[in-house]
Every structure is written in structure tokens, then in C-alpha cells.
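Here is a brief structural report for modelling work. Start with the ligand sites, then move to the sheets and the backbone exceptions.

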Amino acid sequence: MIPLVIAGHGTRDPAGVQEFLALVDQVRALLPGVTVEPGSVELTPPSIEAALETALALSDGRAVVVPLMVGEGGHVLEDIPGAIGRAKGTADVRYARHLGADPRLVAALEGRIAAARGDWAPERTTVVLVGRGCSVTGANADHVRLSRLVQEHGGYERVCPAFLQVAAPDLPRALDEAYAMGARRIVVGQNFLFSGRLRSWTFERAEAWRARHPDAEVRVAEVLGPCDELAAVVVDRYREEESRLHETSPAYLAGLLLMERDVLVVGGGTVSARRVPRLVEAGARVRLVSPEAVASLAALAEEGTIRWQRRRFEDADLDGAWYVLAQTDDPQVNAAVAAGAEARHTFCVRADDAGRGSAWTPAVARAEGFSVAVLGTGSPHRSMKVRDALLKVLGR
Ligand SMILES: C[C@@]1(CC(=O)O)C2=NC(=C\c3[nH]c(c(CCC(=O)O)c3CC(=O)O)Cc3[nH]c(c(CC(=O)O)c3CCC(=O)O)/C=C3\N/C(=C\2)[C@@H](CCC(=O)O)[C@]3(C)CC(=O)O)/[C@H]1CCC(=O)O
Ligand SMILES: NC(=O)c1ccc[n+]([C@@H]2O[C@H](COP(=O)([O-])OP(=O)(O)OC[C@H]3O[C@@H](n4cnc5c(N)ncnc54)[C@H](O)[C@@H]3O)[C@@H](O)[C@H]2O)c1
């Protein structure tokens, strides 16, 4: 399984750190078997570099990094890619899209605003939605767009964007403008993920403005916080990149005529037990290299149908083979087999890691003198189903 690094911002606020870690745990629960490591741009250890190094040490040199960032600012465009560049070495690290205005997040954010609004009718409520503000104009423009999405989602009279830093209008000015337009019931929404300085500033500045405007009512909404919607979007961002790591061009289908040709099978486990009989059927001279073998393979060796070299794989085993199957339970051994085959221009299946071999095994059946072979995109169960459906059509 390809590990995931969730790249957050980091904060001095212990509550914010706890919320981030709670979100990480929610993502872990949705991705059983996947290593999920938290890392931060600043303030909270571990750094993104350290998190990525941990993740890569546990994988075969691949990882996905998801930036836990609402907007596409400097952290997304520069800091996180910089950290990845420093940590990745020769590893294959995919960098996912930032969170953006995913509809689930818009709905969750609007939910926080609705909770603060309480009994006020949305069509008579003005929202001032605070974002961080950024030197990247596009990120500020995205915040303006988000404000419009929240307005239409919640049916608010108006949602005015505001910024805490760098960009205008700032929060007091946006509140002044809303007030000047007649707003007297105002919810301040926060487009922030977790507790931290930005949240504290928002509460302080909203409170200070309220004190100066006793004839207006102001309610402040909570930040998004760890929630199912956020966890689900992180998982989607991971899955998009993880599936790309598996992506290859469609296979070129050929029928191998293996009669009297040497085929090397490394590893004598259940996968080999399934595939070796097919190779034998095709007339191949099968050579099995494996310290141990399951009973069906041992029996084939015993009766002289295949040759079994009862030991660990060595590079020289590849000499003379037309086709190779790397099917041990040790990824390092399979990698060595695939590398040796690649060097000899010999096609090689890698049973544990489809994308790193040079051939795939289709789901097959023989029917009335022809063969049916179905090859998908690395989802063997789907291929098996299609094969079985085809056999039905063929009346078998
Ligand atoms: C069709 C079939 C042909 C055959 O084997 O003869 C076949 N796999 C079958 C069964 C099967 N495969 C797996 C399970 C157990 C797990 C489960 O239950 O989900 C079972 C079921 C079982 O074992 O019962 C897991 C698995 N498979 C691959 C990976 C590695 C990866 O994806 O990276 C992993 C994860 C390993 C791990 O986690 O470590 C990879 C490949 N398997 C392929 C073919 C190639 C794609 C063909 C396509 O997509 O069309 C490809 C890409 C390359 C290759 O190996 O050639 C055969 C049906 C035979 C029949 O007819 O009965
Ligand atoms: N592609 C598929 O269809 C598919 C299906 C299930 C599992 N898998 C993957 O394929 C791998 C093999 O699965 P399995 O169920 O056959 O495993 P298994 O545990 O049944 O068998 C592994 C075999 O490899 C042998 N082996 C170990 N080290 C070796 C070495 N250095 N040299 C030679 N042989 C060695 C063992 O003796 C054993 O016979 C698994 O790791 C799994 O990830 C793939």
C-alpha cells in the first residue's frame, strides 16, 4: 500500500494540534492498511520532510502527499513542493491537489455558519466570510468564489469575503461595508481548518467591532475542525494520485507460444500454484526457483513436469528465460527479479506490484479451441467477472 503524508500548516495552539491529529486518525480509519503520516509546514513537528522520510522508509519508494490547505497559496505552490523535493531523493512521490472548494467542504463550512446563525433567517442574515489572505492573487480570488458558493448554498442575503492578512478588505472594513449596506444581523464565518492564531484573531476582531456597533448583532462561526467531510476529501485526493501511480498505457495483447521455451517462476506459493499449470498447459519448460513450494507445485516437480531448484533466487537464474514470473512474498526479491529481467529485455510479471513489472497475467479460459483472455487495469476481480460473463455469452 502506498503511504500518505498529510501536509498541514502547523500551529502553536495545542488545541489546533489535537484537531489536526484527530483528522489524521479519521483518515487512517478510512484507509486501513495505509500508513498515514502527519507533517507540518512550520511550528508543529514533525516537518513534512521528516514525515515523508518516515513514510518512504516503510514503502518501496512511493508516497502520496496531500496538502491540507483550503487555498492554493504559497504553502501549496512553494513550501510543500520544496519540502518534498528535499526529502524524496529518487522516490516516486505524487503531490495531490489542495482541498479547494469541494462541494462537501462548502456544505460543511456552511454548516458551521448555520450553527452560529441559529434562529436568524438566512435571507435576512449577512455573512462576512474570513479567509487568511495571501500574496497569490488566485488564492484570494478563490476565496471570493467560495463566498459566492456559501451564499447560494445557505440562501444568505449576502456573503462578503474578508481577509485577515495581506489582502483587502480586512475583517473590520468588511463589517463596516456590510453595516453601511444595512446589515444588522451578521455572522462572521471562518474559512480555516483548525484552532490557531487565525481563529483567535477572528474572534478578537469581531468582538472589538461588535463593541463599537451596539445596534448590530454579530455571531462568530467556528472553524471547520476535524470532520467526516474533510476526511473524505483527503481520502479522495489520496486515491486520485495513488491510482495514477498504478497508471500505465494499455497492455499490448499477444499470445505467447511457449512450447519448449524456458520460463522462470520465482516463488512457489499460491500465486505460482495458480499460474504454473497454465504455463505447463502451453508446453513451457517451467523452472521454479524457491526454497519452499506448496504441495501442488512440489507434486509437479516430483513427477518431472517442472524443474524445481530448491533455493533462494539468484540473478543468474534469469539466463535463458523467455518469460519470468516474480511471485515471492518478498518485495525486494521480486524487485531484483524484475530488474534482472528488465536488463535482459525479458518480459516479467511482478505479482506484488503490477506497475513495476513488464507483463500482466490476464483472466483466462479455454473454449472450443480458442482462448478468452481479459485484461483490465490491475483489478483482477473485475477481469474475472468479465471473463465469466463472456463465457456465458459463448454458451459455456
Ligand atoms: C486475473 C488473474 C490471473 C491469474 O493470476 O492467473 C490476476 N490476478 C488474479 C487473482 C488475484 N489477484 C489478487 C488476488 C488476491 C487479493 C484480492 O482478493 O483482492 C487475487 C485472487 C486470488 O488470489 O484468489 C491480488 C493482486 N493482483 C495483483 C496485485 C498487485 C498489484 O496490483 O500491484 C495484487 C495485490 C497483491 C498484494 O496486495 O500484495 C496484480 C495482478 N493480478 C493480475 C491477474 C494482473 C492484472 C490483471 C487484470 O487486471 O486484468 C496483475 C496486474 C499482474 C499479474 O500479477 O499478472 C487472477 C484471477 C485468476 C482466476 O481466473 O481465478
Ligand atoms: N498477482 C496476484 O494475482 C496476486 C495474488 C495474491 C497475492 N499476490 C502477491 O504476490 C506475492 C506472492 O503471493 P503468494 O500468495 O504466492 O505468497 P506465498 O507466501 O504463498 O509464497 C511465497 C513464496 O515465495 C518463496 N520465496 C520467498 N523468498 C524467496 C526467495 N528469496 N527466492 C525464491 N523464492 C522465495 C517462498 O518460499 C514461497 O514459496 C504476495 O506477496 C502478494 O503480494 C499477488
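## Ligand 1 site

Helix α12 gives the most to the shell around ligand 1, supplying five residues. This helix spans residues 380-393, and both α9 and α12 supply at least two residues of that shell. The model is predicted. In it, 22 residues surround ligand 1. R275, A354, T361, G376 and S383 are the closest. By class, the shell holds ten nonpolar, seven polar and five charged residues.

## Ligand 2 site

Ligand 2 has 20 residues around it. T270, V271, R274, F313 and A351 come nearest. Three elements each supply at least two residues of this shell: β9 (262-268), α9 (270-281) and β10 (285-293). The shell divides into seven nonpolar, seven polar and six charged residues.

Which atoms of T270, E292 and F313 approach ligand 2, side-chain or backbone? T270 uses a polar side-chain atom, 2.5 Å from an oxygen of ligand 2. E292 places a backbone N or O atom 3.1 Å from a ligand oxygen. Taken alone, ligand 2 exposes 860 Å², of which the protein buries 71%.

## Sheet β2-β1-β3-β4

Four strands make up an open sheet with parallel pairing, in the order β2-β1-β3-β4. Strands β2 (36-40) and β4 (92-95) are the edges, and each pairs on one side only. From one strand to the next, the twist averages 25 degrees. Strand β3 covers residues 62-67 and pairs with β4 in the parallel sense over four bridges. R62 has D92 of β4 as its bridge partner.

Two helices pack on this sheet. Helix α1 (residues 14-30) touches β1 (4-8) and β2, and its direction makes about 155 degrees with that of β2. Helix α2 (residues 48-57) touches β1, β2, β3 and β4. The direction of α2 makes about 160 degrees with that of β2.

## Sheet β6-β5-β7-β8

Another open sheet has four strands in the order β6-β5-β7-β8, with parallel pairing. Why is one side of β6 and of β8 left without a neighbour in the sheet? Strands β6 (158-163) and β8 (217-220) stand at the edges and have a single partner strand each, so one side of each has no neighbour in the sheet. Neighbouring strands are turned by 25 degrees against each other on average, direction ignored. Strand β5 (residues 126-131) runs parallel to β6 and is joined to it by six bridges. One pairing is that of G131 with F163 in β6.

Helices pack on this sheet too. Helix α6 (residues 171-180) touches β5, β6 and β7 (185-190), and its direction makes about 165 degrees with that of β5. Helix α7 (residues 197-212) touches β5, β7 and β8. Its direction makes about 165 degrees with that of β7.

## Backbone exceptions

Most residues other than glycine have a negative phi, and most peptide bonds are trans. Where do the exceptions here lie? P45 and P46 are joined by a cis peptide bond, with omega about 0 degrees. P46 lies in the loop between β2 and α2. Another cis peptide bond joins A168 and P169, again with omega about 0 degrees. P169 belongs to the loop between β6 and α6.

E260 stands out through its phi angle. This phi is positive, about 65 degrees, although E260 is not a glycine. E260 sits in the loop between α8 (228-246) and β9.

Terms used
Residues numbered from 1 in each chain as written. Chains lettered and ligands numbered in written order. Predicted model: local features only at pLDDT ≥ 70, side-chain atom pairs only at ≥ 80, totals over all residues. Heavy atoms only, no water. Pairing = 2+ DSSP bridges. Axes fitted to C-alpha atoms, helices over the stretch in contact; angles between N-to-C directions. Contact = heavy atoms within 4.5 Å. Near = heavy atom within 4 Å. Polar contact = N/O pair within 3.5 Å; in protein donor to acceptor, adjacent residues only side chain to side chain. Areas by Shrake-Rupley, 256 points an atom, 1.4 Å probe, with all protein chains shown as cover. Nonpolar A, V, L, I, M, F, W, Y, C, P; charged D, E, K, R; others polar.
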